[in-house]
Structure formats: structure tokens, C-alpha cells
Amino acid sequence: MPLYKTITINPQTKVLIWKIEESSEELLKEIQLTENSRFRISKMLSDIHKRGFLSVRHLLKKAGYTDIDLIYNEDGKPDLKDGTCISITHSHEFSGIIISKNEVGIDIEKQRDKILRIANKFTPLKEYRTLANDQAIIQKLTIVWCAKEALYKLYANKGVSFLHHIDVKDFQFDDLETTAEIIFNGTINSYQVHFFEFEQFTCAYALC
């Protein structure tokens, strides 16, 4: 089973990433699914969505949990029954989770030029025009998008706007980390964001 990467951030916090190479049938083996999860899979039209969903259950197993331990609140935010916090992501052939005793968020995205067309929806594109070429801009925008998505999952308030409420501080590629703020409803909350790249994908995770 292709557990791609494990990052132990501290004794309470861990990132696990899966490279999805198996079929849905293979991924169904050796995991327990709730009746609700089986129903959800039956309604999925996309095979890659099925495989992403199932690979996350294998990541749960690697972390010592099962699908039965995973619950969702009324806003759709996942948690674990023992009170451990979790965030989930999948993109194309990769999926990932982060678990911690504190609130966390994670996102994985494929680096694609499509992000140039949507950048103005989540960040001022002019800030990145000093970079050497389009590929560098795509890389940086993907990091910013992943960071904001991870922060949105952590903060878990549907009123938050990527463009207006989440501010990711500038960084260099080699930094592999930055800070960010969510400014919303008169409050300012600060977070740490870590990021890395692999196989033309970007992963970012946010910590309180």
C-alpha cells in the first residue's frame, strides 16, 4: 500500500499522504466502512473521487483509526470521536490527512496554469508579477491557494472570504513556511503555514 509520506510535526501532530495507485476494488479491501460511507461511495460518479475517498480511509487506518471514528459536524467539518482534530484533502492521485490535538487544516493541489485564470478570486495577482516566469507564478499561486484552503478548513466558518479575510504573508520558495492571519468579524487570528512540493503537486498545512 503506497503510503507516500509521513511528517511528524510534534508528538500530537502528524501529516500522512497517500499516492493513489490502486483501483477502487483494491482500496475496498482491509478497511471498515460505515453504512453511510458505503452509501456515499455508491452515489459517486467519478472513479477518482471514489479512490480518493477510500485512500483517506487507509490513511485513517495508518493513523490508528477507522471510518467509524470519523464524524462530521453540522457544517461538514470532520473530527474524530476521541476529540482529536483532523483535516482531509485529495487531489487527482494524492490524498492526505493531518491529525492533531489542536485545530489544523491541510490541502493538496496539482500545479496547473488554470490557477492564473482564477487568481484574482483569492489574491491580488499583481503581487506575483515580479517572479521570473509563468511557472514560478503558478508555483507561488498554488502555494498561496493551498495555504488559504488549509486555513479555511481550520477556521471552519463559511462566511470567510479567501480574498478579503485570509492574508498569507509573503515568502520565498526555500522558506517552506510562512505566517497568515484571518481577519473576520472584528477579530484577528494568527497561524503558522508550512508547505512543500512533490511530483508537480503542492501541499500546505496550517497550525494554530
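1. A word on terms before we start: a residue is called buried when its relative accessible area is under 20%, exposed when that value is over 50%, and partly exposed in between. Please also keep in mind that this is a predicted model.

2. With that in hand, have a look at Asp79 and Lys77. Their side chains form a salt bridge, with an N to O distance of 3.9 Å. Are these two residues buried or exposed? Both Asp79 and Lys77 are buried.

3. Next comes the pair Asp107 and Lys153, whose side chains meet in a salt bridge at 3.7 Å, N to O. Asp107 sits in strand β7 (residues 104-110) and Lys153 in helix α5, so this contact ties together parts that are 46 residues apart in sequence. Asp107 has a relative accessibility of 3% and therefore counts as buried, while Lys153, at 21%, is partly exposed. Returning to the pair in point 2, salt bridges with shared partners link Lys77, Asp79 and Glu103 into one network.

4. The structure has nine salt bridges. One of them joins the side chains of Lys19 and Glu199, at 3.0 Å from N to O. Lys19 belongs to strand β2 (residues 13-19) and Glu199 to the loop between β10 and β11, so the bridge connects parts 180 residues apart in sequence. Glu199 is partly exposed, with a relative accessibility of 40%.

5. Now for the nonpolar side of the picture. The largest nonpolar core has 26 residues, and those touching the most other members are Phe122, Leu151, Ile166, Val168, Ile182 and Val193. At least two core residues come from each of α5 (134-155), β8 (166-168), β9 (177-184), β10 (187-198) and β11 (201-207). Which of these elements supplies the largest share? That is α5, with ten residues. As general background, nonpolar side chains tend to be buried together in soluble globular proteins.

6. Finally, the surface. Arg112, Lys114, Arg117 and Lys121 make up a positive patch. Of these, Arg117 is worth a look: this residue lies in helix α4 (residues 114-118). Its relative accessible area is 60%, so Arg117 counts as exposed.

Note on methods
Residues are numbered from 1 along each chain as its sequence is written. This is a predicted model: local features need pLDDT of at least 70, side-chain atom pairs count only at pLDDT 80 or more; totals for chains, interfaces and linings use all residues. Side-chain values use heavy atoms; hydrogens and water are left out. Patches are made of residues with over 30% relative accessible area and no salt bridge: like charges are joined within 9 Å, nonpolar side chains (Val, Leu, Ile, Met, Phe, Trp, Tyr) within 5 Å. Accessible areas come from the Shrake-Rupley method with a 1.4 Å probe; for residues, only the protein chains shown count as cover. A salt bridge is a side-chain nitrogen of Lys or Arg within 4 Å of a carboxyl oxygen of Asp or Glu. Lys and Arg count as positive and Asp and Glu as negative; His and the chain ends are not counted. The place of a charge is taken as NZ of Lys, CZ of Arg, CG of Asp or CD of Glu. Helices (H or I, at least four residues) and strands (E, at least two) are DSSP runs, numbered from the N terminus. Buried means under 20% relative accessible area, exposed over 50%, partly exposed in between (1.4 Å probe, protein chains only). A nonpolar core is a set of buried Ala, Val, Leu, Ile, Met, Phe, Trp, Tyr and Cys residues joined through side-chain atoms within 4.5 Å.
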